[in-house]
Amino acid sequence: MSTSKHERVLLVGGGGREHAVARAVDRAADATLYACASNRNPGIDALAEEYHVVESETDPDAVVGVAQDVGATLAVVGPEAPLQAGVTDALDEAGIYAFAPKADEARIETDKRFQREFMRDEAIPGCPAFEAFEDADAAADYVASVDHDVAVKPRGLTGGKGVRVTGDQLTQSEAVEYVRESDYDEWVVEERLVGEEFTVQAFVANGSVRTSPAVQDHKRAYEGDEGPNTGGMGSYTDASFELPFMTEADYDDAVEVIEAVVDAMPEYKGILYGQFMLTADGPKVVEFNARFGDPEAMNTLPVLETDFVELLRDARAGADLPELAFDAQATVCKYAVPAGYPTDPEAGAEVRIDEESAAEVGAQLFYASVDARDDGAVFTTTSRSFAVVGVADTIAAAEELAEAALAEAGEEGLRVRHDIGKADLVQSRIDHMKQLRGE
C-alpha cells in the first residue's frame, strides 16, 4: 500500500457515470472531491467541495487550470472526448496523476480502425473479421458486395449511436444508403456477431488488471430491443461476477482478452472496458472503451467495497492494484430519458425525484444531463436525464426497487425501458444462449 495522505481528487465530466464516480470518491476514507465539467450536475455538485463549470471538458488547458486552482493531487477523467483531446496527457505533464489513459492509449476506443488493427497485429483473442475504408463510397460498395450480415462502424467517436447492423437493425440496401448519406468518411465494416452482449470493466495500472462484475447494457431505445441505438437505456448485474446466461469460463475468457490488451499496451492506466458478444464459440470483442461505461458504472461502483481513492493512490505509486472486493448483490439500472429520445427529444420536463425520495424506496438516483436551476428545480434536457439503480440479493428484487423509484418520478415528459431486468427478458437471454450452443 502507498502512504496515506489526504487527497484532493478532481473529477472531469458531469454525467451519470461521473455521478457514480463522485459517490465512490465521497465514500473514500480520506479524500475531498472537486468537479470540472461543461454542465452542472446537481448530484455531483452536492458532493463536491468546489464545482467548476468550463466551456469545454476537451480543453486541456482549462482542465489543468482548474486542477491547479484547487490543488488537485489526483484526477479521474470520465468521458471519452477529453481522453481523445489529450486532457490526461496535460494533467500528467502538470504533475497531477490522472487515472485515465493518455490520448495514444485511448485510441483503443476513439479510433475503431486502430482498435481492430491493434487486435489483429497483437493477436488479441476475440477479434472479428473486418475491413477498413478511407471513404464512404468504398465502404458502401463493400457492404453491397458481401453475402453475409455486417456491422458498419464510423471510425471515430459517435456517442454509442453510430453503429448499424444488417440482419438486425436494417437491410443490406439500407446499410449501403446509411454509409453513403452519413457525414462520416472513414469506416470499419465487420462480420456481424450473433449472441448476447456483456461488458467487463477493468481497473488497470502498472500492468495490474482488476476486473468487476459483468454487466449487460440495453442500447436499443424501446422495449423488446426495438428502435435505434442510444447511449444506453439501462443495465443489470447479477450477485456473482457472471450474468445468468454466462458460465464462469465465459467470464474468464473475457478477462483473458482484457489482460492480453494490457500486456500489449503496458503504459495503459485507468479503466479498460471490454464490450463482448458471447457467441456459440465464446466471447468476441464488439469494442473497447477507455473509461467507465454509462450506465455500467452505476451498476458496479455502488457495490465496490474497495476504497476507490486508495486504489488511485496505489496506481500513482506504481504499485500493484489491490484485489477488488464487491458486495455480492445484483443491480438493475434504468435510465429515464426525455420523451422522443433519441430521434426527437423534448426538453423541459420537471424531474420530480431527488436522491432522498429515491433512497426512501430503496434505490439510488444518478443525475445525467439535466438543467438544474437556481431555485433547486431540475428539468430535462435533450439527452438522457437520470438513472435509478436498485441493489438487492437478486436481479428481480433489484428491478422492483428501480421501478419503485421510477414510480416516484412519474412519467410526464419521460420515457423508460421498463423491461430491463424483468424475469422474462433475462430468461430470453438464457434461452437464446442455450439455443446458440445447441443445449
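Which residue lies over the face of Phe366? Arg23 does, at 4.4 Å from the ring centre. Keep in mind that this is a predicted model.

1. Arg107 lies over the face of Phe114. The distance from the ring centre is 3.8 Å. Phe114 comes back in the next point.

2. A pair of aromatic rings is described by two values, the distance of the centres and the angle of the planes. The model has nine aromatic pairs. One of them joins Phe114 and Phe118. Their centres are 5.7 Å apart, with 25 degrees between the planes, and the pair is stacked. Both residues belong to helix H7, which covers residues 112–121. They sit four residues apart, about one turn of the helix. Both Phe114 and Phe118 are buried.

3. **An edge-to-face pair.** Now compare Tyr184 and Trp187. Their ring centres lie 6.0 Å apart. Their planes meet at 85 degrees, so this pair is edge-to-face; the cut-off for that label is over 60. Trp187 is buried, with a relative accessible area of 1%. Tyr184 has 32% and is partly exposed.

4. **Helix H15: length and sides.** H15 runs over residues 423–436. Its 14 residues should span 20 Å at 1.5 Å a residue, and the end C-alpha atoms are 20 Å apart, so the two values agree. Which residues of H15 are buried? They are Leu425, Val426, Arg429, Ile430 and Met433. These residues cover an arc of only 145 degrees around the axis, so they are on the same side of H15. Ala423, Asp424 and Gln435 are exposed on the other side.

5. **Helix H15: neighbours and end.** The buried residues of H15 pack against several elements. Among them are strand S10 (196–205), strand S16 (270–279) and helix H14 (395–409). Strands S12 (216–217) and S15 (234–237) are also on that list. Just after H15 comes Gly438, with a positive phi of about 65 degrees.

6. **Helix H14: length and sides.** H14 has 15 residues. From its first C-alpha to its last it reaches 21 Å, close to the 21 Å expected at 1.5 Å a residue. Its buried residues are Ile395, Ala398, Glu399, Ala402, Glu403, Ala405, Leu406 and Ala409. They cover an arc of only 160 degrees around the axis, so they share the same side of H14. Look at the other side of H14 for Glu400 and Ala407, which are exposed.

7. **Helix H14: neighbours and end.** What do the buried residues of H14 pack against? The list is S15, S18, S19, S22, strand S23 (414–416) and H15. Gly410 follows H14, and its phi is positive, near 75 degrees.

8. **Strand S22 and its partners.** S22 covers residues 386–392. Six of its seven residues are buried, so the strand is mostly covered. Strand S18 (residues 330–338) pairs with S22 in the antiparallel sense, over seven bridges. Strand S19 (residues 363–367) is joined to S22 by five bridges, and these two strands also run antiparallel.

9. **Arg17.** Is Arg17 buried or exposed? At 7% relative accessibility, Arg17 counts as buried, because the cut-off is under 20%. Arg17 is found in helix H1 (residues 16–27). Leaving aside neighbours within four places in sequence, its contacts include Gly78, Pro79 and Glu80. Arg291, Phe292, Gly293, Asp294, Ala297 and Met298 are also in contact with Arg17.

10. **Glu242.** Glu242 sits in the loop between S15 and helix H10 (248–264). With a relative accessible area of 16%, Glu242 is buried. Beyond its neighbours within four places in sequence, Glu242 is in contact with Thr247, Glu248 and Tyr251. Glu242 and Phe198 are 44 residues apart in sequence. In space they are 9.6 Å apart, C-alpha to C-alpha.

Note on methods: Residues numbered from 1 in each chain as written. Predicted model: local features only at pLDDT ≥ 70, side-chain atom pairs only at ≥ 80, totals over all residues. Heavy atoms only, no water. Phe/Tyr/Trp six-rings, centres within 6.5 Å; stacked < 30°, edge-to-face > 60°. Buried < 20%, exposed > 50% of the residue type's maximum accessible area, 1.4 Å probe, protein only. Lys NZ or Arg CZ within 6 Å of the ring centre and 35° of its normal. Expected span 1.5 Å × (residues − 1). Arc of directions from axis to C-beta. Contact = heavy atoms within 4.5 Å. Pairing = 2+ DSSP bridges.
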